[in-house]
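Thanks for coming, everyone. Please take a look at the model on the screen before I start.

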Amino acid sequence: MLRRLMLALRFIKYRSRAGNSHSIHSPFVFELYTKAIRGTTNNTAAETIRQLQNKMMRDHRILNITDYGTAEGKTVNRRLSINYIASHYASQNKKAGLLFRLSKYFSPASILELGTSIGIGTTALTLGSPTAKIISLEGSAEVAEAAKENLYLSGIKNAEVITGEFSSTLPDALKNFSSVDLVFIDGNHRSKPTLNYFAQCLTKTNENSVFIFDDIHWSTDMEDAWKQIQNHPSVSIAIDLFEVGLVFFRKGIAHQNFTLKF
């Protein structure tokens with residue numbers, strides 16, 4: 001209850017500062033905001049995402065979960081139903097639609113996802129860039145198997161799911177890329193690991209890379225991580241959408257931070 005109250009207060013603070021297209025003076029950010037962030041998900045992709053979400057909400061199978069990324073910094077083992085995971089942990093339709101639009105807008109050749117969950121976000125990213133090379137990391141084995149099943153049933157063949165704690169799987173995953181065009185970090189809700197993943201992925205950026213960070217306002221600890229990330233000397237543009245944060249590494253652009261309505 002206290003966590004929800006604090007999250008609501010952080011949202012109110014965000015909304016009081018958030019601008020819209022009229023407050024954007026960067027041509028790059030204006031086009032991104034109007035065409036992708038506030039754009040429309042095409043009907044085919046939206047229906048695919050919606051059907052998968054609905055299917056997972058009706059799935060009552062119980063999975064053994066190993067959660068390495070709790071806000072308390074503990075590894076927790078528990079048993080959760082797939083429909084519970086779908087409603088509490090997986091990308092919801094709004095966020096999945098954003099992932100699709102960002103993937104389609106930037107058309108990345110390479111995508112790295114940290115936190116597959118049951119594969120809804122992975123599906124959205126793949127629908128946006130169906131020819132991209134995609135590697136997705138998931139810490140919990142039974143959740144990863146559920147994601148693989150969903151990707152298979154959706155006919156997705158270009159996404160590889162790797163199971164294991166990120167501290168061991170991320171370095172090896174990065175070796176598979178000469179550079180990474182899009183990174184989605186959604187597997188931990190603590191500052192120190194998030195900053196560590198950011199630092200590792202930075203070694204594979206190019207000028208057109210985009211990093212997407214989930215739940216940047218989940219806690220004061222995550223907000224601290226987001227502040228450090230958006231002000232990192234390698235970052236040229238950072239966009240706070242409350243649910244997610246976007247960072248870019250474009251050359252020749254003065255550093256700018258944006259807080260925008262989503």
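First, the ground rules. This is a predicted model, where local features need pLDDT of at least 70 and side-chain atom pairs count only at pLDDT 80 or more, while totals for chains, interfaces and linings use all residues. Residues are numbered from 1 along each chain as its sequence is written, and side-chain values use heavy atoms, with hydrogens and water left out.

Aromatics, then. How many aromatic pairs does the structure hold? There are 12. Rings of Phe, Tyr and Trp (its six-membered ring) pair if their centres lie within 6.5 Å; planes under 30 degrees apart are stacked, over 60 edge-to-face, and the rest tilted. Take Phe28 and Phe248: ring centres 5.1 Å apart, planes at 85°, so edge-to-face. This pair links distant parts of the chain. Phe28 is in helix 2 (residues 27-37) and Phe248 in strand 9 (residues 244-248), 220 residues apart. Helices (H or I, at least four residues) and strands (E, at least two) are DSSP runs, numbered from the N terminus.

Buried or exposed? Phe28 is buried, at 17% relative accessible area. Phe248 is buried too, at 0%. Buried means under 20% relative accessible area, exposed over 50%, partly exposed in between (1.4 Å probe, protein chains only).

There is also a cluster. Phe198, Phe211, Phe213, Trp226 and Phe249 form it together.

Now charges. Lys94 lies over the face of Phe262, 4.5 Å from the ring centre. Lys133 has its charged end over the ring of Phe177, 5.2 Å from the centre. The test: NZ of Lys or CZ of Arg within 6 Å of the ring centre and within 35 degrees of the ring normal.

Next, the cores. A nonpolar core is a set of buried Ala, Val, Leu, Ile, Met, Phe, Trp, Tyr and Cys residues joined through side-chain atoms within 4.5 Å. The largest has 54 residues. Which residues have the most contacts inside it? Ile37, Ile118 and Ile239. A second, separate core has 25 residues, including Ile135 and Leu170.

Last, a pocket. The lining of the second largest pocket includes Arg10, Glu223, Trp226 and Asp240. A pocket is an open set of points on a 1 Å grid over the protein atoms alone, where a 1.4 Å probe fits, with protein on both sides within 12 Å along at least five of seven lines; lining residues have an atom within 4 Å of a point. Helix 10 gives the most to this lining, with 4 residues.
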